[in-house]
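This briefing concerns the structure shown below.

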Amino acid sequence: MKRIIQLSLFILLSLFARNSYAQGAEMEIRKMLQLQQEAWNAGDIPAYMSGYWQHDSLAFIGGSKTTYGWKPVLDRYLKSYPDKATMGELTFSELNVHPLSKGEYFAIGKWHLSRNKGDVGGSFHLLYRNIKGKWLIVMDYTN
């Protein structure tokens with residue numbers, strides 16, 4: 001009987017620890033997206049890029065083009081959004097974060113830029129990986 005109680009407690013604690021990890025990971029990912037939104041709205045694209053994996057394998061798919069590597073993605077943003085007026089005011093909405101494994105999460109949501117020259121928006125699909133204790137985007141499909 002004692003063994004059954006110990007095993008039951010172990011299972012309950014394991015489930016609680018796993019749930020806590022998942023909630024912590026989701027909160028960190030949501031916080032990173034909030035920081036990215038704030039950086040964008042401050043006109044700071046390099047700070048916005050802090051949410052991305054600084055690696056040549058980073059993939060950004062937008063429109064009909066795929067860009068690989070952190071620096072090329074940064075350059076693409078800088079070229080597409082050369083000034084604060086073009087960047088506008090960014091808001092994320094309808095955010096859903098889903099665990100794929102202990103070290104990977106998938107986030108989907110909507111983005112919207114309010115700009116004087118006309119608003120734009122769409123959806124995004126982000127693959128996050130826990131790299132050295134930090135949740136970073138390793139693949140971004142934005143349309």
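Arg30 and Glu26 form a salt bridge in which the closest N and O atoms are 2.9 Å apart. The model is predicted. The two residues stand four positions apart in helix H1, which means that about one helical turn separates Arg30 from Glu26.

**Salt bridges**

- Lys71 forms a salt bridge with Asp75, with 2.7 Å between the closest N and O atoms.
- Lys71 and Asp75 lie four residues apart in helix H3, so about one helical turn separates them.
- Lys71 counts as partly exposed at 48% relative accessibility, and Asp75 counts as partly exposed at 35%.
- Glu104 forms a salt bridge with Arg129, and the closest N and O atoms of this pair are 2.7 Å apart.
- Because Glu104 belongs to strand E4 and Arg129 to strand E5, this pair ties together parts that are 25 residues apart in sequence.
- Glu104, at 23% relative accessibility, is partly exposed, and Arg129 is partly exposed with a relative accessible area of 29%.
- In general, side chains of opposite charge can pair when their charged atoms come close.

**Nonpolar cores**

- The largest nonpolar core has 29 residues, of which Trp40, Ile45, Met49, Tyr52, Tyr77 and Tyr128 touch the most other members.
- Two or more residues of this core come from each of helix H1 (2–41), helix H2 (45–48), helix H3 (70–80), strand E3 (89–101), strand E4 (104–114), strand E5 (120–131) and strand E6 (134–142).
- Helix H1 makes the greatest contribution to this core, with five residues.
- Apart from this core lies another, of five residues, including Leu127, Ile131, Leu136 and Val138.
- In soluble globular proteins, nonpolar side chains tend to be buried together.

- With residues up to four places away in sequence not counted, Trp40 touches Ile45, Tyr48, Tyr77, Tyr81, Lys84, Met87, Gly88, Leu90 and Leu113.
- Gln36 is placed in helix H1.
- Gln36 has a relative accessible area of 1% and is therefore buried, the cut-off for burial being under 20%.
- Once neighbours within four places in sequence are left aside, the contacts of Gln36 are Tyr48, Gly51, Tyr52, Tyr128 and Ile137.

**Overall fold**

- The secondary structure of the protein consists of four helices and six strands.
- Along the sequence, these elements follow the pattern α-α-β-β-α-α-β-β-β-β.
- The protein has 143 residues, of which 36% count as buried.
- Of the contacts between residues at least 6 apart in sequence, 48% join residues at least 24 apart.
- The accessible surface amounts to about 8800 Å², and carbon and sulfur atoms account for 59% of this area.

Methods: Residues are numbered from 1 along each chain as its sequence is written. This is a predicted model: local features need pLDDT of at least 70, side-chain atom pairs count only at pLDDT 80 or more; totals for chains, interfaces and linings use all residues. Side-chain values use heavy atoms; hydrogens and water are left out. Buried means under 20% relative accessible area, exposed over 50%, partly exposed in between (1.4 Å probe, protein chains only). Contact means heavy atoms within 4.5 Å. Accessible areas come from the Shrake-Rupley method with a 1.4 Å probe; for residues, only the protein chains shown count as cover. A nonpolar core is a set of buried Ala, Val, Leu, Ile, Met, Phe, Trp, Tyr and Cys residues joined through side-chain atoms within 4.5 Å. A salt bridge is a side-chain nitrogen of Lys or Arg within 4 Å of a carboxyl oxygen of Asp or Glu.
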